[in-house]
Amino acid sequence: MTAVVADLASRCAVWWTILRICIEERLVYRGDFALGTLMRFLPIITQTFLWTAVFVGAGGPSTIGGYSRDEFIAYYLLTYVARAFSSMPGLASSIAAQVRSGEIKKYLVQPIDLLTFLFLSRMAHKLVYYAVATAPFALVFYLCRGYFEGWPDAPTLAAFVLSLLMSFLLGFFLEATLGMIGFWFLEVSSLLFVYMLFNFFFSGHMFPLTILSEPWRTIVLYQPLQYLAYFPAAVFLGKVQGPALVEGLIGQAAWTLAFVIAARTAMYYGVRRYSAFGG
Amino acid sequence: MSVVEIEGLKKSYRVYQKNEGLLASVKGLFHRTYKEVEAVKGIDLKVEQGEFVAFLGPNGAGKTTTLKLLSGVIHPSGGTARVMGYVPWKREHAYRRRFALVMGQKNQLWWDLPAQESFRLHQQIYRIDAKDFDRTRDELTELLQVRALLGRPVRELSLGERMKMELIAALLHSPEVLFLDEPTIGLDVVAQHNIQQFLRHYQEVRQITILLTSHYMKDVAALCRRAVIIAQGQIMYDGSLAGIVDRFSGHKVVTLAFADDEAPDLSHFGTVVESHTPKIKLRVDRPKVAEMLATVLRDHVVSDVSVEDPPLEEVIADMFQSAEASLATNKS
């Protein structure tokens with residue numbers, strides 16, 4: 001028992017050091033980082049104008065797919081929060097690039113799990129991002145408070161937080177799996193382009209997935225990308241409730257687990273296949 | 001038991017063969033031809049504890065591939081290898097805590113952070129006791145004279161300073177086996193000398209086992225007693241450094257300086273390498289050296305004479321060329 005505790009303490013010390021160093025590294029290029037973080041808020045303004053124009057311009061409809069204009073804009077703002085958790089910019093491409101250049105072997109000779117390292121590194125990136133982006137996010141939500149009907153009840157809020165955390169895990173392991181494909185193909189940029197295209201439409205980033213007509217609506221609500229943006233936002237707005245909410249959270253957990261296994265399997269076979277390119 | 005035991009180790013790669021031109025590129029979209037390249041062709045090797053062994057060979061000979069196999073970075077196509085009893089490509093944490101790999105062309109430190117941050121991370125990853133870590137880091141930074149640079153971002157260090165930091169990072173966990181892949185590549189002579197001195201001292205004190213690949217014969221001559229020469233994935237020689245010259249060089253280099261500014265024609269004794277009156281340097285077959293010297297000393301007034309083995313680089317280069325020529329002949 002003591003040995004197990006000691007081992008766990010030692011692992012925690014390693015994880016904390018990796019996290020700390022990744023945060024330090026993230027803060028080196030502070031100007032670029034701050035600018036990149038702040039510029040991500042610009043599309044919110046354009047999207048707000050767009051959907052306002054769709055609804056009120058030329059006597060538009062009062063609701064689309066069960067969403068009013070205010071709900072549409074609130075939905076869009078919430079997908080921004082969800083994507084702040086689930087998007088993993090550069091993760092897959094950097095794994096593939098490190099495989100191609102041979103840089104990845106430094107992780108293979110050290111007594112450390114590559115996936116754990118990448119996970120902690122990404123966690124550090126997110127923590128720094130939240131630290132910088134929380135204030136602008138709060139300001140945007142304050143200015144747009146009129147689009148919301150108020151805070152949801154505590155269970156809905158808890159489900160929303162849980163879905164956000166799972167969207168982070170799902171986003172990480174999904175992109176890590178794509179990156180591991182680099183062990184086979186070396187160059188995965190085209191694959192990533194296709195993935196980003198699908199992600200753009202089927203994660204619900206652009207519009208609530210329920211506005212699609214059948215059978216597309218049913219199809220997209222069975223695929224994992226919906227959990228990266230649509231599902232957390234819909235949970236917050238109370239569009240998914242009761243048994244559907246539990247079912248949705250279980251579905252999200254199942255997809256997350258599936259991609260944990262996929263990433264681990266791809267890494268296991270990928271490392272076996274690895275030829276250590278780049279001298 | 002030997003620290004490194006290799007039997008029939010093989011590694012082959014499947015390499016895409018692309019012809020020149022746009023048409024070939026388009027054809028490559030539909031049909032590709034691959035070639036099996038045997039980087040390591042069934043080598044056998046044993047290295048004992050405390051040995052400092054040089055892996056020599058031309059580019060593409062299989063040296064780095066062998067080190068990658070032994071460090072578990074890649075899986076072999078055949079054969080077996082054990083390092084300290086571990087099968088490297090199983091990549092057990094217990095094994096990875098006992099060896100280190102330093103590649104001169106690859107940076108393992110965090111580029112944008114000071115080296116001391118990477119060292120701290122290594123302390124945790126390798127589970128080094130805090131006191132041991134402080135002692136080892138201080139000792140290594142003193143020996144390599146880089147203590148003042150610990151707080152400087154790695155990207156702002158010179159190549160030589162960076163390589164010193166790489167070595168420290170690799171040695172913090174006191175590995176029992178060290179794989180060095182061209183650790184002095186690109187360094188100036190002073191930095192090369194410093195690294196050589198450090199490695200020699202460290203190996204003598206710690207008695208660790210080191211396998212070194214290098215194209216700099218000065219590294220090899222300064223550090224290693226044993227050399228393993230690999231060409232085209234096969235071991236061509238395994239023995240002492242001195243033995244390379246004895247075995248593979250059939251000639252000596254004779255330098256003569258004549259007293260009366262004369263420059264006699266000595267080409268019938270061997271190949272004239274340099275001739276600047278009154279000095280002449282020539283390559284003479286070993287059996288003929290005694291006869292040549294007797295004749296020249298009898299017929300001419302000689303002010304200075306030296307008989308030397310040819311430079312190690314030259315012998316090895318000749319050896320590589322003849323090995324490649326003979327392998328090419330066997331293939332055809």
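Helices here are DSSP runs (H or I, at least four residues), numbered from the N terminus.

I noted that this is a predicted model, where local features need pLDDT of at least 70, side-chain atom pairs count only at pLDDT 80 or more, and totals for chains, interfaces and linings use all residues. Residues are numbered from 1 along each chain as its sequence is written, while chains are lettered from A and ligands numbered from 1 in the order in which they are written.

Next I checked the span. Helix 5 of chain B covers residues 130–143, 14 residues in total. From first C-alpha to last it reaches 20 Å, close to the expected 20 Å (1.5 Å times one less than the number of residues).

Which residues of helix 5 of chain B are buried? I found B:Arg137, B:Leu140 and B:Thr141. Buried means 20 or more other C-beta atoms within 10 Å of the residue's own, exposed 12 or fewer, partly exposed in between, with C-beta atoms placed from the backbone.

The face turned away carries exposed B:Lys131, B:Arg135, B:Asp138 and B:Glu142. Cover for the buried residues includes helix 4 (115–125) and helix 6 (159–171) of chain B.

Last, I looked up the chain contact. 23 residues of chain A are in contact with 26 of chain B (C-beta atoms, placed from the backbone, within 7 Å). Helix 1 of chain A gives the largest share of chain A's side, eight residues.

Notes:
Helices (H or I, at least four residues) and strands (E, at least two) are DSSP runs, numbered from the N terminus. Two residues are in contact if their C-beta atoms, placed from the backbone, lie within 7 Å.
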